[in-house]
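Some notes on the helix packing follow, as numbered points. Please read them beside the coordinates.

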Amino acid sequence: MGEDDAEGREHLRQQRRPADRLQDQAKRLIAKLDKLTTGRLLAGYLVIRQVTAAVGLTSIGGPAQTVRPLVYPMAEGAATKKYGRIDDRMREKIKGYSASSDTVGVFFGEDVFVAVGSILLITTFVDATYGLSLEPIDLALWAIPTGIAALIVHGGRLLLFDRRLDKMAADARADAPTLGAAA
């Protein structure tokens, strides 16, 4: 029984290897790009995600397919390049902002695509309930300003995230001697 457990653990470890290598490659790639910061990377991903959602490609990204294996490790690599070692608090913030760039991008981008379920549901409901003739293209066109506003607001938040990371890194450095002296 113990031998089977060891073989099972080894099998699981080997299955995780390609993802780990992909994450390592992503971190190394980001480390080579000098001007790329965590906020800039995430703002760029927000633009890509919103544009792909606007043309109907909502399933090519997402937390499980793109954020966890690629975007987050790249954002963490950018932070590590700039600040050296990052603490758990910074790491969790980077995870959250990585996920938010994907979520905001797809949420506000997909409504521009006329064949997405939400647009069709709204037009069908309005037509049936109120007797109006609402075309999906009309809703999609009205979604464009909202999508642009979301891009500006959240893109700005992502760019300001670099300042927040600067402050968090400074706070962590200030706390480090205190922690070492207490030990």
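1. In this predicted model, helices α2 and α3 pack with their axes 8 Å apart and at an angle of about 150°. An angle over 145° counts as roughly antiparallel, and α2 and α3 are therefore described as roughly antiparallel to each other.

2. On the α2 side of this pair, the residues in contact are Thr38, Leu41, Leu42 and Tyr45; they meet Thr66, Val67, Val71, Met74, Ala75, Ala78 and Ala79 in α3. By class, the contact of α2 with α3 has 9 nonpolar and 2 polar residues, and no charged residues.

3. Helix α2 (residues 38–54) also packs on α4: the two axes come within 7 Å and cross at roughly 25°. Angles under 35° count as roughly parallel, so α2 and α4 are roughly parallel to each other. Their crossing is right-handed.

4. The α2 residues that meet α4 are Thr38, Leu42, Tyr45, Leu46, Arg49, Gln50, Ala53 and Ala54. Their partners in α4 are Ile94, Tyr97, Ser98, Ser101, Asp102, Val104, Gly105, Val106, Phe108 and Gly109. The contact of α2 with α4 divides into 10 nonpolar, 6 polar and 2 charged residues.

5. The remaining pair to note is α3 with α4. The axes of α3 (residues 63–83) and α4 (residues 88–109) come within 9 Å and cross at roughly 135°. That angle makes α3 oblique to α4. The crossing of α3 past α4 is right-handed.

6. From α3, the residues Pro63, Val67, Val71, Tyr72, Ala75, Glu76, Ala79 and Tyr83 meet Met90, Arg91, Ile94, Lys95, Ser98, Ala99 and Asp102 in α4. This contact of α3 with α4 holds 10 nonpolar residues, 1 polar residue and 4 charged residues.

7. What is the distance between the end C-alpha atoms of α4? They are 31 Å apart, which agrees with the 32 Å that its 22 residues should span at 1.5 Å a residue. Buried residues of α4 include Met90, Ile94, Tyr97, Ser98, Ser101, Asp102, Val104, Gly105, Val106 and Gly109.

8. Leaving aside residues up to four places away in sequence, Ala143 touches Asp111 and Val112.

9. As for the chain as a whole, the secondary structure comes to 6 helices and 0 strands, and the order from the N terminus is α-α-α-α-α-α. Of the 183 residues, 31% are buried. Among contacts between residues at least 6 apart in sequence, 71% join residues at least 24 apart.

Definitions and conventions: Residues numbered from 1 in each chain as written. Predicted model: local features only at pLDDT ≥ 70, side-chain atom pairs only at ≥ 80, totals over all residues. Heavy atoms only, no water. Axes fitted to C-alpha atoms, helices over the stretch in contact; angles between N-to-C directions. Helix = DSSP H or I, 4+ residues; strand = E, 2+ residues; numbered from the N terminus. Parallel < 35°, antiparallel > 145°, perpendicular 65-115°, else oblique. Left-handed = near helix turned anticlockwise from the far one by under 90°. Contact = heavy atoms within 4.5 Å. Nonpolar A, V, L, I, M, F, W, Y, C, P; charged D, E, K, R; others polar. Expected span 1.5 Å × (residues − 1). Buried < 20%, exposed > 50% of the residue type's maximum accessible area, 1.4 Å probe, protein only.
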